[in-house]
Amino acid sequence: MRPVSILITSIGELVTNAPADGDRQRGDGQQGAGPFASVADAAVVIEAGRIAWTGPAARAPAADEVIDAAGRAVLPGFVDSHAHLVFAGERGGEFAARMAGLPYQAGGIRATVAATRAATDDQLRANLRKLAAEMVSQGTTTFECKSGYGLTVRDEARSVALAAEFTPEVTYLGAHVVPAEYEHDPGGYVDLVRGPMLAACAPRARWVDVFCERGAFGRDEAAAVLAAGTAAGLQPRVHANQLGPGPGVRLAVESGAASADHCTHLDGADIDALASSATVATLLPGVEFSTRQPYPDARRLLGAGVTVAIATDCNPGSCFTSSMPLCIALAVREMRMTTQEAVWAATAGGARALRRADVGHLGVGARADLIMLDAPSHAYLAYRPGVPLIAAVWQAGGLAAT
Ligand SMILES: [Zn+2]
């Protein structure tokens with residue numbers, strides 16, 4: 001039986017990020033996203049969970065179902081390439097204290113580790129389900145999810161397994177922080193992370209990540225974890241240069257990491273390294289917002305030709321937002337990205353950071369992950385900050401939220 005086709009027409013602005021616009025009939029969707037691109041007065045046809053056609057509404061083909069966008073904007077679903085959703089407890093008190101003047105410290109993670117270890121699988125799953133639903137309702141159609149609040153073989157393995165119930169983009173982050181019981185033997189903890197813990201987590205993970213930062217893991221320790229993860233079939237990504245200058249970004253590039261995340265404190269050599277590599281700089285402006293720290297220099301990165309992604313870093317400590325629209329607004333207002341750059345970074349950029357060619361754009365053949373805004377253009381995501389503008393969300397062609 002022929003699959004049902006859906007035509008969304010009368011779209012005021014259709015953001016495609018497709019390599020070339022127009023009413024192309026064929027394509028394999030494997031090229032990935034191109035630069036920011038949009039079509040006015042447009043239509044899109046979805047068939048069998050994929051984008052089958054995009055172009056001017058006046059030239060749209062017939063379809064089984066027709067949805068009238070009434071001039072509203074349609075965009076690729078957001079790709080949130082950095083989130084920590086497997087945890088228990090909350091740290092609202094820590095946030096309030098920080099806003100009252102206390103500095104953020106990486107050790108605050110330990111409070112969440114204790115709560116996560118004490119939680120049941122069902123409690124962790126329920127929290128994860130709630131946050132995943134929160135993301136979809138705000139237009140996120142692909143998200144990455146890290147472990148890293150278990151920090152024992154058992155708790156990391158179950159964190160990775162729980163994440164895998166919700167997304168294929170699962171990251172093993174045993175090297176998040178040295179847990180209290182290894183405080184006097186950090187080398188022993190690194191051996192655990194790259195040994196038995198990795199072996200228990202690798203079968204259900206795609207990525208290996210390290211928090212390479214003063215107070216967490218140094219360059220050599222981080223390199224050892226990434227090498228072991230790579231040998232186990234995982235692909236590297238790195239938490240780098242968040243709290244201060246350091247070796248994280250260059251380690252990410254040298255390791256062939258898909259992404260160096262945070263990139264708040266960079267020197268010229270870091271930027272040169274990123275610009276001459278395939279490693280994406282993933283900026284997490286919600287963190288700077290929630291920790292009241294200076295934002296990364298997005299303009300310098302973009303000017304150097306670095307591929308930039310935006311993600312939430314949703315986590316209970318340094319940034320407890322799941323909202324990509326908020327991060328877009330912050331990127332525009334605080335990091336001086338244009339609305340086009342910010343939307344590209346939150347869609348196609350996130351896809352690059354996850355090495356996904358099938359999402360982040362609406363080229364023919366791409367997965368039919370789309371959002372309709374209750375607004376005529378993508379610019380409203382920054383122009384109307386804090387306003388719920390996501391009118392509908394489709395995932396693989398199915399209506400996921402309205
Ligand atoms: Zn993070």
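In this predicted model, L7 is buried, with a relative accessible area of 8%. The residue belongs to strand β1, which covers residues 5-15. Although L7 and V44 are separated by 37 residues in sequence, their C-alpha atoms lie 5.8 Å apart in space. Leaving aside residues up to four places away in sequence, L7 touches A43, V44 and V45, then A60, P61 and A63, and also E65, V66 and I67.

A second residue worth a visit is H84, found in the loop between β6 (78-80) and α1 (92-99). Despite its place in a loop, H84 counts as buried, at 2% relative accessibility. Its contacts, again not counting residues up to four places away in sequence, include K146, S147 and Y149, together with L173, H176 and H239. The list for H84 also takes in D313, C314, N315 and P316. With L399 the picture is one of distance: H84 and L399 are 315 residues apart in sequence, and their C-alpha atoms are 25 Å apart in space.

The model has 22 salt bridges by the rule applied here. In one of them D209 pairs with K146, and the closest N and O atoms are 2.8 Å apart. Because D209 lies in strand β10 (residues 207-212) and K146 in strand β8 (residues 145-146), this pair ties together parts that are 63 residues apart in sequence. Both partners are hidden from solvent by the accessibility criterion, under which buried means under 20% relative accessible area: D209 is buried at 1%, and K146 is buried at 0%.

Another salt bridge joins the side chains of D270 and R250, with an N to O distance of 2.7 Å. Here the partners come from two helices, D270 from α9 (residues 268-275) and R250 from α8 (residues 248-254), so the pair ties together parts that are 20 residues apart in sequence.

R367 counts as partly exposed at 22% relative accessibility, while D369 is buried at 3%. Salt bridges also occur as a network, and one such network links D121, R154, D155 and R158.

Turning to helix packing, helix α5 (residues 186-194) and helix α7 (residues 219-231) have axes that come within 9 Å and cross at roughly 15°. Angles under 35 degrees count as roughly parallel, and α5 is therefore roughly parallel to α7. The crossing of α5 past α7 is right-handed. On the α5 side, the residues that meet the partner helix are P186, V190, V193 and R194. On the α7 side, they are E221, A224, V225 and A228. Sorted by class, the contact of α5 with α7 has six nonpolar residues, two charged residues and no polar residues.

Technical notes. Residues are numbered from 1 along each chain as its sequence is written. This is a predicted model: local features need pLDDT of at least 70, side-chain atom pairs count only at pLDDT 80 or more; totals for chains, interfaces and linings use all residues. Side-chain values use heavy atoms; hydrogens and water are left out. A salt bridge is a side-chain nitrogen of Lys or Arg within 4 Å of a carboxyl oxygen of Asp or Glu. Helices (H or I, at least four residues) and strands (E, at least two) are DSSP runs, numbered from the N terminus. Buried means under 20% relative accessible area, exposed over 50%, partly exposed in between (1.4 Å probe, protein chains only). Axes are lines fitted to C-alpha atoms, for helices over the stretch in contact, and angles run from 0 to 180 degrees between N-to-C directions. Angles under 35 degrees count as roughly parallel, over 145 as roughly antiparallel, 65 to 115 as roughly perpendicular and the rest as oblique. A crossing is left-handed if the near helix is turned anticlockwise from the far one by less than a right angle, and right-handed if clockwise. Contact means heavy atoms within 4.5 Å. Ala, Val, Leu, Ile, Met, Phe, Trp, Tyr, Cys and Pro count as nonpolar, Asp, Glu, Lys and Arg as charged, and the others, Gly among them, as polar.
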